[in-house]
Amino acid sequence: MDSSASRSRRRGPVILVVALVVIAALVVGGLLWRQRADNGEEEAQALADALPEGDFSSEADTAEHDRILGPLIEATGAAPEVELADAGTAEDGLRTATLDWTWTLPDDAGTWEYTTEATLHRGEDGWSADLTPEVFAPDLGDRENLDLKTVDPTLGTVTDRDGKELYGPGEVKVLGLDKTQLEDADPEASARELAGLLDIDEDRFAQSVADYGPDAFVPALTIRVSDEGDYPLDDAADVAGFRAVEKTQPLATERDYAPGVLGALREASAEDVEESDGEIESGDLVASGGIVAAEREALVGTAGAKVIAVDPDAGTERSLHEVAAVDGTEVRTTLDDHLQRLATSAIADEDSASAVVALRPSTGEVLASALGPTGQSYPVGLVGQYAPGSTFKAVTALALLRAGVTPDTTLQCPETATVEGRSFKNADSMSPDLFGSMPLRDAIAHSCNTAMLLEYDTVDQQQLADAATTLGIGEDAPTGLEAFMGSVDPEDEGVEHAAAMMGQGRVLASPLAMAVVLASVQNGATVQPKILADSDSAAPEVDSPLTEDETAQMQELLRGVVTDGSLRDFADLPGDPVIGKTGTAEWTNEDGELKLHSWVIVAQGDLVIAAFVEDGSYGSTTAGPIAREVLEGA
């Protein structure tokens, strides 16, 4: 027999056995692969992937997802994150998957995290999940859905230096039209009738009513509950659709208390929301002006959040997760309530825009900022930009001292003087007996304009501006206040420079700025005003700080104004010596009439008072009595 044929016959059974083994392995491997591929693990992962957005093939499952999670997704602005923590083990056609949920809550309220379980079962068409409510949130009832509620913080307060509340939650009534109660009445007619009764713009309110939806309450005016008697509410009640809604709202404890200092909070309007690029939402409190704007976050606090399970059929809800609100805090100011009321009373009878500012030189603390009762479209004491007149001679005097002039240096004080073709004169109230030569101390005491401007060659504009900077002109406004701290352009020359020497021309200041000027003289160093009790009150750095000699000479010059000059009415005040300066600045009103700004700045001990009347007479005549009343009562 051929050996090759014999070997072939022996390999035949071997090959057959190997083939059978391979086939068996393939069959078993295929069965195992099929079992693994069809054991529900992929379906468990697919469930986790579908749960955030509700991407199910079944419309019923999608509808259930939207019913349960939709309100919370809308409230948070984002779907949850869902991870498959454990696919479980398949036994007898069942598998229990464990799901980790994470919701990101709005307004930095953190996250809400929890775990649920979902049962998957194998049917004829493969694996599917039972989407019961407990899959979406633990212990969720059959008819419950998830939603979010904002937990409002308690509003903080603004207080005076001693803790007396000046601004905080107050009871108000919002007067307006409830369009659901109009029935057959004409909305425009009701809007105009109510606007007329409440003395608000009829066209604007009628347009607001037209713009709101048919079920809206359209606010017309918010009033303090304590002021109800000032409004014709009985007549308003007869207007179709009228409604008054009581609520708590942040406001000053007294109307018109320290205007421009406290500021205000109000609910965001539709326009605020639209223009905020998503930063402001409906219901947010928007701050305007002053301390409230600077300290809004501290006052408003931080809203909390509460995730709730809502049963709309039963009208019930229960809390599932809560992040506590952070209440607003007390913001303490430097205001002195007694001085604030005293200053307000002192200018209560003024017929034009007027202001009183009180300052503590040693600390820069603003103790009072009061406005007159009329013409106050804005807080002139803080942001007014006026020629300071002869009160600015305190700055000019410092510049002259630095140029080598002494209090005894003789200056010329003619009745009039001409600079580059422009004529200047002294105040009509100045006695002609004073015209002629006089030392600097008398020129300051009697406020000789011509003596100052004729020294425009002794002191250039840059030197004048440097002296102004030393005394606080042009420094940054204090944190918490919108304020104009004055300006002196160092580039002015010629006539403008000469006019600046007597506080006219293009020199501008607010009453607060001029209070700082005198406070710096009284303190012997540049004063930085402050309104927030906890703010840093470190003196600002200036290139040329006041020296001891300059301080002594300046105080001597300004004391002479009281003992020998235009503030002689203050000489009899008991206590520490009074120093100060009067000021009168000419201006032309809209009718072309020449008018006078009236100024006085005075200091006694650790108190400076600046009084200003926009349309007054000479400083000693109009502003002087106001400043004295405050100084006497302090």
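This note goes through selected local features of the structure, point by point.

1. Basis. The model is predicted; local features need pLDDT of at least 70, side-chain atom pairs count only at pLDDT 80 or more, and totals for chains, interfaces and linings use all residues. Numbering runs from 1 along each chain as its sequence is written, and side-chain values use heavy atoms, with hydrogens and water left out.

2. Disulfide. With a disulfide defined as a pair of cysteine sulfur atoms within 2.5 Å, the count comes to one. The pair is Cys-413 and Cys-448, with sulfur atoms 2.0 Å apart. The torsion about their S-S bond is about 110°, so the disulfide is right-handed. Cys-413 belongs to strand β17 (residues 410-413) and Cys-448 to the loop between α14 (440-445) and α15 (449-453), so the link ties together parts 35 residues apart in sequence. Helices (H or I, at least four residues) and strands (E, at least two) are DSSP runs, numbered from the N terminus.

3. Buried means under 20% relative accessible area, exposed over 50%, and partly exposed in between, with a 1.4 Å probe and protein chains only. Cys-413 is buried at 0% relative accessibility, and Cys-448 is buried with a relative accessible area of 0%. Ser-447, in the loop between α14 and α15, counts as buried at 12%. Ser-447 also has a positive phi of about 55° although it is not a glycine.

4. Strand β17. The covered face of β17 consists of Leu-411 and Cys-413, and the uncovered face of Thr-410 and Gln-412. β17 runs antiparallel to strand β20 (residues 436-439), and four bridges join the two; strands pair if DSSP finds at least two bridges between them. Gln-412 has Ser-437 of β20 as its bridge partner.

5. Thr-333. This residue sits in the loop between β14 (330-332) and α11 (337-346) and is buried at 0% relative accessibility. Leaving aside residues up to four places away in sequence, Thr-333 touches Val-158, Thr-159, Asp-160, Arg-161, Leu-166, Ile-291, Ile-531 and Ala-533, where contact means heavy atoms within 4.5 Å. Leu-166 is 167 residues from Thr-333 along the chain, and their C-alpha atoms are separated by 9.5 Å. A polar atom of the Thr-333 side chain lies 3.2 Å from the backbone nitrogen of Leu-335.

6. Helix α18. Residues 511-523 form this helix of 13 residues, which reaches 18 Å from its first C-alpha to its last, close to the 18 Å expected at 1.5 Å a residue. The expected span is 1.5 Å times one less than the number of residues. Of the 13 residues, 11 are buried, among them Pro-511, Met-514, Leu-518 and Val-521.

7. Helix α2. In α2 (residues 41-50) the buried residues are Ala-44, Leu-47, Ala-48 and Ala-50. They cover an arc of only 170° around the axis, which puts them on the same side of α2; the arc is that of the directions from the helix axis to the C-beta atoms. These buried residues pack against β1 (81-86), β2 (94-104), β3 (111-123) and β4 (126-129).

8. Glu-183. Phi is near 55° for Glu-183, a positive value in a residue other than glycine. Glu-183 lies in the loop between β7 (165-178) and α5 (187-198) and is exposed at 72% relative accessibility.

Note on methods: A polar contact is a pair of N or O atoms within 3.5 Å; within protein, one must be able to donate a hydrogen and the other to accept it, and residues adjacent in sequence count only if both atoms are side-chain atoms.
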